[in-house]
Amino acid sequence: MDLGRYLSMIGNTFGLSQDEVRLRLKEHGPNEIKGTRKTHPLQIFLRQTKKNLILYLLLFASLISFVVGETVTAVTIVLVAAMVVTVSFIQEYRAEKAIQALKQMVVPISTAIRGGKETEVLSSQLVPGDIVTLRSGEKIPADCLLIEENNLRVDESVLTGESREISKKAARSEHSYGEENMIFMGTFVIAGRCRAKIVHTGMNTRFGAIASMISETEKSLPLQQKLNKIARFMVIVAVVASFSTGLLMLTRAEVLSYQSLTNILILTLALAVSAFPEGLPAVLITTLAVGARRMAKKNAIVNRMSIIETLGETTVICTDKTGTLTSGEMTVKKIYLNGKMVQVSGSGYEAAGEFSVAERSFDPKKNPGLTLLLKTAVICNDSRIKRTGEDHQYKISGTPTEGALMILAAKAHLFREDLSYLRVEEIPFTSDRKMMSVLSKEKEGNFIYAKGAPEILLAKCHCQQINGKCVTLNEAQKEEILKENAQLNHQSYRTLALAYKKVERLDKDYSEDGLIWAGLVGMEDPPREEVAQALQLCQSAGISVKMVTGDHQETALAIASQIGLSGKAVEGTDLDQLTDEELAKVVNQITIFSRVRPEHKLRIVKALQAIGEIVTMTGDGVNDAPALKEAHIGVAMGKNGTDVSRSVADLTLKDDNFATIVEAIKEGRSIFNNIRKFVSYQLACNWAEILILFIGVLLSPFLGWQAPLLLALQILFMNLVTDDLPAITLGLNRTSKDVMRIKPRRKAEIFNRPLFYMTIGVGVLMAFLTLTSFYISFNILGQGLEVARTTALVTLILLEIAGAFSYRSFRQKVLTRSPFANIYLVYASVISVIATLVIVYSPLSHVFETTSLDSFSWFIASLAAIILVIILDLVKNLDISRSVTQTTS
């Protein structure tokens, strides 16, 4: 595509000019998203029909009904089949659209030398040998060899995990160069400019080498395995129960006719449908979708809904340091000024914080020495800050170090726009000089402002500013400043000194000697303020947290001590000495992994998985992507993360907040509890229907009953209306308050033994009460078969509604809890009752073969529902209810 047309197309879509589009694409850098083709709705529909066994059974039953002349029954079954497919299709289509919206691709552009001129081309068209020009703020499109550069500094944190700028130099020749002469795809220029020759592109780059590690294996999803196990079990139950019932009816039939054989076959198929919870996929998708929406409101975007439940099983969180535990943004935390240490609160690029000494806050504008230091920090600075639109939040353009100084001044409400000066000259920072200075013309006179390494700048100072006066700086005072500097360095602070002096002339060859010491600042990539509390919550939830970082061990330990993370620390070189088996034996004893490479992160995750841990891996850089893919749950950062990490992750954090992960785990635990509830509820209802039909056939010769007690259409009606609707609402139960005070489940099955017994017991109880209502109506009251059958149908429907209210909680009783604790269940129950009234009292009664009931029949049905609630409330006092789940409200 022509580049101009491409820019116009993107601009028209987003309401931007071509220049704005060009700038944004250059800043975005290389396309890191692994391509995913959009699924057409027809493909989803075909996928649904192919894998839906229930659909085939229903259509087969409809065909048989049509052949034998039961046209109404045939049409009704077809409508039921259409409902099953439609509900599944709508849910999956919505999920597909939501996921595709997270994976939109953007093709960036680069500036290359073509025909001796700088030309903008699509980055995908670059080839080895091309010469590209790169400037501050642009991402690097390929692995390149530097031909020429001007004060070039790059940020390689997406590859290394270290949040520090790196100086680069031009290579002497194409045959003699090292790491410092190379720039790599996916990193970006933070200062200076360069011209470079492309050496490697695409998967041949260092970036691509990491990306290639991602697609080796597909992760296995525990939820999928658990549901498959239940499905296999229910298929066996459905087949055995339906054909046993059908065979029993055949042996009990006095006369075998074509019509009776057809009715038995249709009932057998209907029973097979009832035994298998055909609404389970729709209920599951709805529950996961609602969970995904809840998590999105808390800034956690789900890429694959099926992992939500797995989140709740997390036993270990492996987290990167930079940008995850820390803000990923340099922040000035301390200022050593006039013999006092000033503390500065706040973190990141938010211009909100207080200045204090000995825990007593003060107004920085009333401190002349601090005001002068801040003025020096703003004028001797090449970075810019710009509001993001959020309160006190800024975006920096320039180096993180200089950006931190601008944010420091903004906390004191001092901005570049507030100062009236003219920069006349500048001597830039170099790795040899380790300092920078500017010559400035102001109303008060001409000044030189400087910043740099403390030991370098201190040697050029002869006095310091104290209370507005220049006081001689003796050797003892210099030693004291250097001592404080060493102490800050030991605490993993990056230190920077500031100084100034007044000069008479605007001489471009000015001298940097004879400066006046302004002060010393200590900055760090600080831990997020909410991380410490999130870690405490993880501890109470039985989840261990491990820091896995490419940074130095001293820095990692310093951050760990600030957030309350303690334990054994090792470096990547130590891991190289261990085999995979040896690592698996000791990995749980280690809390901090430093100086690790991508392959180390992968080994750590695999070692934890080998000893049965459920691993959630968080990260934001390309170096995290392989481990994100391998982990049970991969969590990427939405603000500062790369497209590679987001494309392979299961969860993306919009706010890059570690605490959001804990909220996501909390939601995952709640969803697992809800899945248990509606699965157990649906299977109990299906088990009751099986028992009613089977026992009804067994007892029919002795009690004079006519089998079957419930007809095929009645069974299908209950499955779709009174089973599925309440089951869906059970997936919407609110989160328990104590859900994060319980130890992880460690691959707990959806169906544990106590829950299995409970499900069987509830099914038996429902069947017994329904059969009793049929017996009372038919045998005691002497009512006709149609009335007794309708009474049994209504009884079972009310029992299922009552059971749904009981299944809201495995611990709290129905009779002592508000019925509106789950308002959606109330709505579903009302709909179910109305639907039941329609098929009993409307012309549809002829289709479903029901009849009107008197008040006493409704009393029998209602009494059965009340008895069920009372019995289940009593059971909740027993140990079996406590052992079902410890985390359900």
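This is a dialogue on reading features of a predicted model.

Me: What does the protein chain contain in helices and strands, and what share of its residues is buried?

Reply: The chain is a predicted model, and it has 31 helices and 28 strands. Buried residues make up 56% of its 889 residues. The chain exposes about 38,500 Å², of which carbon and sulfur atoms supply 57%.

Me: How many of the contacts between residues at least 6 apart join residues at least 24 apart in sequence?

Reply: The share is 71%.

Me: How do strands of a sheet pair?

Reply: Strands of a sheet pair through backbone hydrogen bonds, and the sense is either parallel or antiparallel.

Me: How many bridges join β9 to β23, and in which sense do they pair?

Reply: Strand β9 (residues 316–319) pairs with β23 over four bridges, in the parallel sense.

Me: Is β25 mostly covered or mostly open?

Reply: Strand β25 (residues 590–594) is mostly covered, since five of its five residues are buried.

Me: How should I read a salt bridge, and how many are there?

Reply: A salt bridge is a Lys or Arg side-chain nitrogen within 4 Å of a carboxyl oxygen of Asp or Glu. A search of the whole structure finds 17 of them. After the distance, look at where the partners lie in the chain and how accessible they are.

Me: Take Lys-168 and Glu-156. Where do they lie, and are they buried or exposed?

Reply: Their side chains meet in a salt bridge at 3.0 Å, N to O. Lys-168 is in the loop between β5 (165–167) and β6 (182–183), while Glu-156 is in the loop between β4 (143–155) and α6 (157–160), 12 residues apart. Lys-168 and Glu-156 are both buried.

Me: Which parts does the bridge between Asp-382 and Arg-423 tie together?

Reply: The closest N and O atoms of Asp-382 and Arg-423 are 2.9 Å apart. Asp-382 lies in the loop between α13 (368–379) and β14 (384–387), and Arg-423 in strand β16 (residues 421–427), so the pair ties together parts that are 41 residues apart in sequence. Asp-382 is partly exposed, with a relative accessible area of 37%. Arg-423 also counts as partly exposed, at 27% relative accessibility.

Me: Which elements does the bridge between Lys-451 and Glu-402 join?

Reply: Strand β18 (residues 445–452) holds Lys-451 and helix α14 (residues 400–411) holds Glu-402, so the pair ties together parts 49 residues apart in sequence. Their closest N and O atoms are 2.7 Å apart. Buried means under 20% relative accessible area. Lys-451, at 6%, therefore counts as buried, and Glu-402, with 8%, is buried too.

Me: Which residues do salt bridges with shared partners join into one network?

Reply: Glu-118, Arg-135 and Arg-195 are joined in this way.

Me: Which residues make up the nonpolar surface patch?

Reply: The patch, of about 690 Å², is made by Tyr-775, Ile-780, Leu-781, Phe-856, Phe-859, Leu-863, Ile-867 and Ile-871. Helices α26 (753–780) and α30 (855–875) each supply at least two of its residues. The most come from α30, which gives five.

Me: Where is Ile-871, and what is its relative accessibility?

Reply: Ile-871 is in helix α30. Its relative accessibility is 32%, so Ile-871 counts as partly exposed.

How values were computed. Residues are numbered from 1 along each chain as its sequence is written. This is a predicted model: local features need pLDDT of at least 70, side-chain atom pairs count only at pLDDT 80 or more; totals for chains, interfaces and linings use all residues. Side-chain values use heavy atoms; hydrogens and water are left out. Buried means under 20% relative accessible area, exposed over 50%, partly exposed in between (1.4 Å probe, protein chains only). Two strands pair if DSSP finds at least two bridges between them. Patches are made of residues with over 30% relative accessible area and no salt bridge: like charges are joined within 9 Å, nonpolar side chains (Val, Leu, Ile, Met, Phe, Trp, Tyr) within 5 Å. Accessible areas come from the Shrake-Rupley method with a 1.4 Å probe; for residues, only the protein chains shown count as cover. Contact means heavy atoms within 4.5 Å.
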